[in-house]
Amino acid sequence: MAAAAAAVSVDEKLDKLRAEVAKLDQIRRVPFPHSTPLCTMGLPCSENEKAGFISLVSRYLSGEAEQIEWSKIQTPTDEVVVPYDTLASPPEDLEETKKLLDKLVVLKLNGGLGTTMGCTGPKSVIEVRNGFTFLDLIVIQIESLNKKYGCSVPLLLMNSFNTHDDTQKIVEKYSNSNIEIHTFNQSQYPRIVTEDFLPLPSKGKSGKDGWYPPGHGDVFPSLNNSGKLDILLAQGKEYVFVANSDNLGAIVDIKILNHLINNQNEYCMEVTPKTLADVKGGTLISYEGRVQLLEIAQVPDEHVNEFKSIDKFKIFNTNNLWVNLKAIKRLVEAEALKMEIIPNPKEVDGVKVLQLETAAGAAIRFFDKAIGINVPRSRFLPVKATSDLLLVQSDLYTLVDGYVIRNPARANPANPSIELGPEFKKVASFLARFKSIPSIVELDILKVSGDVWFGSGITLKGKVTITAKSGVKLEIPDGAVLENKDVNGPEDL
């Protein structure tokens, strides 16, 4: 009886939610004639979107999440996670390379805002180096590829409703480039009020706060719903290379593309060796005969330390993904992409709400001949904080044709570990506190806390800790060389 009552209550919840969602109009302001279907403009068709939302909630309420049986987890073999060094060299013939590249589309996940770094608008328009933004560098890279091989690799940007308007304006500046740029929006789902499981917008919260983008696992249905997938297939495109727009290492790799086409792999996740900084990152496992992503949230409490160990789980997901377009079409239409649901509780103006999200990497287990490729660390260079900006703006890297190239003068294969205090968190504050970016080619560890200001031409080597005492401004003078030093005041310089 208890089970029946619970089942009824789940059905009732869904029925009420469905009725309320049916009444919701999306908040997008569409500056186009209403006769133009949303799907053809890169905005998801709201009926498909509503159905996707109800399906996600239904799966969540049914508790269908499969528990991982720890004893069944196996370490993937080299056939499943292929070492990058064993990949065959791509064809040397330019015409053959052009044929390969003409099958490719590059898709950047562009839904995130730069708010955590104190910036307004999409994160991809933060200046990274030499006045270029993430988006500038991406466009320059693909332009140089198209020019070199005479190919036509298009760029797709998956925006969220948070970044759509700004991105539309920004891409206009690339209208004279030799690159076809498409934009489309990922889904826009209503936040669910935890107390009664009804959508927040139906309670008068009609602004953006009532809605959320449901994670990058939504890339597959949104690509289809937007009409872009059919356009790409009609152009003869076969693979999409998906990556975060803030990963400067996620560049087109002809060797990987060549391997996937020759081996008919429908899905490939780039993984790279874990360091102690990556212990929470998802990893690939072999599970019941298939390759699968294992995230820390799926790990039973008693095995969390084992999961974080770099001895047993040696690799982690970079979120650089290569996926066959026909396979996406097949699986989306069959509604077969039932990735693990990530519940994300939030609070909006004192109201507890729930967001249900999915991750693109978790889709790996639904594709045929899916593999991982264990790539060099250079293909994972994300900029999540100003400490990462310090790395990529320093002499540790140079910029060539939009590519960020690591300085061969650095002997240590690992990048320095950098911790900057909250005074450096916002990009504007970070830039103001450095007259010029220090030389860090020989730096191992840097920790900065308090009101610290850097002059120009400074060199940091080994392990350097700089701590300004509370209420004291500490200035590091021009030309200072700090090697294996603890600085707590001017007297230490």
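Predicted model: local features only at pLDDT ≥ 70, side-chain atom pairs only at ≥ 80, totals over all residues.
Which residues does Arg191 touch, not counting residues up to four places away in sequence?

1. **The surroundings of Arg191.** Arg191 touches Leu198, Pro199, Leu200, Pro201, Asp209, Gly210, Trp211, Tyr212, Val348, Val353, Leu354 and Gln355, leaving aside residues up to four places away in sequence. Arg191 itself is found in the loop between strand E8 (189-190) and strand E9 (192-193).

2. **A buried charge without a salt bridge.** Arg191 is buried yet has no salt bridge. The nearest side chain of opposite charge belongs to Asp209, 4.7 Å away. What Arg191 does have is a polar contact of 2.7 Å between its side chain and that of Gln355.

3. Strand E16 (residues 342-348) and strand E17 (residues 351-357) run antiparallel and are joined by 7 bridges. Ile342 in this pairing stands opposite Glu357 in E17. The two strands form a hairpin with 2 residues between them, and Asp349 in the turn has a positive phi of about 50 degrees. Among the Arg191 contacts, Val348, Val353, Leu354 and Gln355 are listed, and Val348 falls in the range of E16 while Val353, Leu354 and Gln355 fall in that of E17.

4. **Other positive phi values.** Two further loop residues are worth a glance. Asn130 is not a glycine, although its phi is positive, about 50 degrees. Its place is in the loop between strand E4 (127-129) and strand E5 (132-133), and Asn130 counts as exposed at 57% relative accessibility. Glu288 also has a positive phi, near 50 degrees, in a residue other than glycine. This glutamate lies in the loop between strand E13 (283-287) and strand E14 (290-294), and with 54% relative accessibility Glu288 counts as exposed.

5. **Helix H8 and its two ends.** Helix H8 (residues 254-263) is mostly covered, with 8 of its 10 residues buried. The buried ones are Ile254, Lys255, Ile256, Leu257, Asn258, His259, Leu260 and Ile261. At the start of the helix, a side-chain oxygen of Asp253 reaches to within 2.9 Å of the backbone nitrogen of Lys255. After H8 comes Gln264, with a positive phi near 55 degrees.

6. Asp253 counts as buried at 9% relative accessibility, and Arg379 counts as buried at 6%.

7. The structure holds 26 salt bridges. One of them brings together the side chains of Asp230 and Lys329 (2.9 Å, N to O). Asp230 lies in helix H7 (residues 228-234) and Lys329 in helix H10 (residues 325-333), so the pair ties together parts that are 99 residues apart in sequence. Asp230 counts as partly exposed, at 39% relative accessibility, whereas Lys329 counts as buried, at 16%.

8. Lys72 and Glu69 meet through their side chains in a salt bridge (3.4 Å, N to O). Lys72 is partly exposed, with a relative accessible area of 32%, and Glu69 counts as partly exposed at 41%. Glu288, from point 4, comes back here: salt bridges that share partners join Glu69, Lys72 and Glu288 into one network.

9. **The parallel sheet.** An open sheet of 4 strands, paired in parallel, has the order E21-E22-E24-E26. Strand E21 (417-420) and strand E26 (481-487) stand at the edges with a single partner strand each, so one side of each has no neighbour in the sheet. From one strand to the next, the twist averages 20 degrees. E21 and strand E22 (residues 443-449) are joined by 4 bridges, and the bridge partner of Leu420 in E22 is Val448. Helix H11 (residues 386-393) lies across E21 and E22, running at about 130 degrees to E21.

Definitions and conventions
Residues numbered from 1 in each chain as written. Heavy atoms only, no water. Pairing = 2+ DSSP bridges. Axes fitted to C-alpha atoms, helices over the stretch in contact; angles between N-to-C directions. Contact = heavy atoms within 4.5 Å. Buried < 20%, exposed > 50% of the residue type's maximum accessible area, 1.4 Å probe, protein only. Lys, Arg positive; Asp, Glu negative; His and termini not counted. Salt bridge = Lys/Arg side-chain N within 4 Å of Asp/Glu carboxyl O. Polar contact = N/O pair within 3.5 Å; in protein donor to acceptor, adjacent residues only side chain to side chain.
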